[in-house]
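Q: Please take a close look at the charged and aromatic side chains here. Which ones pair up, and where do they sit?

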Amino acid sequence: YNQQHKALVANGQQFLNVLKETQTKALSGFKNPATQIMPKGGYGVRINATQYFVFADSNSNATLDLGETLLTGNLEKDIQFKVPQSDIVFLPYKTIDSVCWNAVCPADGGIKIISLEQTQTKEIYSIYLDQKIGKLWAE
């Protein structure tokens with residue numbers, strides 16, 4: 001159990017860092033390395049059961065499209081996201097109403113919970129996203 005708990009926390013913290021880095025790219029006007037321009041729609045992360053994709057939203061539709069992926073990551077064995085496939089986009093240069101959730105821009109302003117589950121022990125690690133102010137934290 002201890003190793004499974006450590007792996008869950010490590011994966012959760014790693015994904016939280018991915019979200020924070022993606023948000024920082026959007027806030028700071030980071031230029032997409034492939035195009036050398038800031039994408040109009042900012043930067044986002046798509047999650048599915050066991051993977052995540054960091055992307056540059058070049059056409060401002062707040063969803064991952066072909067050719068926009070910058071990075072692909074995988075969760076460790078026996079760890080999965082407990083939410084349906086979702087696109088989380090951080091809009092460029094904005095600190096308020098800065099988050100899009102599944103192409104709703106700005107998102108509803110509530111707090112979204114992104115949970116990871118250790119499938120053997122059923123333990124949950126939760127990441128919280130305040131869609132109004134863009135604050136990210138884990139518990």
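A: What follows goes through the charged pairs, then the rings, then the charges over rings. Keep in mind that this is a predicted model.

Start with charge. Side chains of opposite charge can pair when their charged atoms come close. The structure contains four salt bridges.

D87 belongs to strand β5, residues 86-90, while R46 belongs to strand β1, residues 43-47, so the bridge ties together parts that are 41 residues apart in sequence. Look at the surroundings too. Both D87 and R46 are buried.

Now move to K132 and D97. K132 is partly exposed, at 37% relative accessible area. D97 is partly exposed too, at 24%.

Next come K77 and D78. K77 has 71% relative accessibility, and exposed means over 50%, so K77 counts as exposed. D78 has 24% relative accessibility and counts as partly exposed.

Turn to the rings. The whole structure has four aromatic pairs. One of them joins Y128 and W137: the ring centres are 5.4 Å apart and the planes meet at 15°, so the pair is stacked. The cut-off here is an angle under 30 degrees. Y128 is buried, with a relative accessible area of 17%. W137 is partly exposed, at 23% relative accessibility. The line between these two labels falls at 20%, because buried means under 20% relative accessible area.

There is also a group of rings. F15, Y52 and F81 form one aromatic cluster.

Finally, find the places where a charge meets a ring. K135 lies over the face of W137, at 4.9 Å from the ring centre. Recall that W137 also stacks with Y128. K25 lies over the face of Y43, at 6.0 Å from the ring centre.

Then go to the exposed K77. End at W137, with Y128 stacked against its ring and K135 over its face.

Notes
Residues are numbered from 1 along each chain as its sequence is written. This is a predicted model: local features need pLDDT of at least 70, side-chain atom pairs count only at pLDDT 80 or more; totals for chains, interfaces and linings use all residues. Side-chain values use heavy atoms; hydrogens and water are left out. A salt bridge is a side-chain nitrogen of Lys or Arg within 4 Å of a carboxyl oxygen of Asp or Glu. Helices (H or I, at least four residues) and strands (E, at least two) are DSSP runs, numbered from the N terminus. Buried means under 20% relative accessible area, exposed over 50%, partly exposed in between (1.4 Å probe, protein chains only). Rings of Phe, Tyr and Trp (its six-membered ring) pair if their centres lie within 6.5 Å; planes under 30 degrees apart count as stacked, over 60 as edge-to-face and the rest as tilted. A charge sits over a ring if NZ of Lys or CZ of Arg is within 6 Å of the ring centre and within 35 degrees of the ring normal.
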